[in-house]
Amino acid sequence: VMKLNPQQAPLYGDSVITVQLTEEDKIEDDVVFYLVFTGSTVQHCTSTRKINPGSLETISPGHDCCETVKVALCASREGRPVLVVAEESFQFVQDEAYDAAQFLATCAGNQQALNFTRFLDRSRPPAADVDFLDEKVALAFRHLKLPAEWNVLGADQSLTDNIPRETLMHFAVRLGLLRLTWFLLQQPGGRGALSIHNNEGATPVSLALERGYQKLHQLLTEEEAREPDSWSTLSHTVYSGDYSVKHHRKLNVYMLTAEA
């Protein structure tokens, strides 16, 4: 028997899962454990790392839909057949960060919605919350399948640059969301958004300056600015046909995802 903690993960994955083993499954040095997540259309296989004699750690994969999947803990030893040691169910859910990313993606050109995000800013969340929000929403945004024509400035590109308006970039900068700002900069319309004035005449760049966000200001203005450190910068993914392999450098965990 094994216990997974937590027993669910957001759709975009990349959270830590601990696997508790029972007494008789103490981890011997020459045994390699991995987890197989079987969903309705995709399957993931993740390596694990040993924390202590009774527990392992891995990273949750990003999944394609909200559902409960079967997780098998497999053990392999050189020269022996692979054994399924235990099975458990696990749930992929859509969390608030995913909802937020979806909301922001769909309202990229919607002035009413963007003005609502300004209202949110008045209840300045503490820095630790901002960091958590930034990390999660940026991860969720990466996982969204954005349509090919998606643009940071919204679908209506006929709006000329000199019409004052609120943009997603204003939102990300106003809250000090470094990673989300970086993500948006890489998308179509991201760089263009930097010179757009809102109704108060502020550009995302002037907002960063006015709020004293030095790192953010550098990110927006320096040619050589590098991606801010985050959980996602620790992950490197390679795609090949229906397969993808991801390596999470911090935990040194590998993940193989394939269409089932």
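Analyst: Start with one pair. The side chains of arginine 142 and glutamate 227 form a salt bridge, 2.7 Å from N to O. A salt bridge here is a side-chain nitrogen of Lys or Arg within 4 Å of a carboxyl oxygen of Asp or Glu. This is a predicted model: local features need pLDDT of at least 70, side-chain atom pairs count only at pLDDT 80 or more, and totals for chains, interfaces and linings use all residues. Residues are numbered from 1 along each chain as its sequence is written, and side-chain values use heavy atoms, with hydrogens and water left out.

User: Where in the chain do arginine 142 and glutamate 227 sit?

Analyst: Arginine 142 is in helix 3, and glutamate 227 is in the loop between helix 7 (214-221) and strand 10 (235-240). They are 85 residues apart, so the pair links distant parts of the chain. Helices (H or I, at least four residues) and strands (E, at least two) are DSSP runs, numbered from the N terminus.

User: How many salt bridges are there by this rule?

Analyst: The count is nine. One of them joins aspartate 30 to arginine 77, with the closest N and O atoms 3.0 Å apart. Aspartate 30 lies in the loop between strand 3 (16-21) and strand 4 (31-38), while arginine 77 belongs to strand 8 (residues 67-77).

User: Are arginine 179 and glutamate 135 buried or exposed?

Analyst: Go by relative accessible area: buried is under 20%, exposed is over 50%, and partly exposed is in between (1.4 Å probe, protein chains only). Both arginine 179 and glutamate 135 are buried. Their side chains meet in a salt bridge at 3.5 Å, N to O. By contrast, aspartate 30 is partly exposed at 45%, and arginine 77 is partly exposed at 24%.

User: Which residues of helix 1 are buried?

Analyst: First the general idea. An α-helix has 3.6 residues a turn, so residues three or four places apart point the same way. In helix 1 (residues 96-106), the buried residues are Ala97, Tyr98, Ala101, Leu104 and Ala105. They cover an arc of only 130° around the axis, so they share one side of helix 1. The arc is that of the directions from the helix axis to the C-beta atoms. Exposed Glu96 and Thr106 are on the face turned away from the buried side.

User: What percentage of the protein's residues is buried?

Analyst: Of the 260 residues, 47% are buried. The protein has seven helices and twelve strands.
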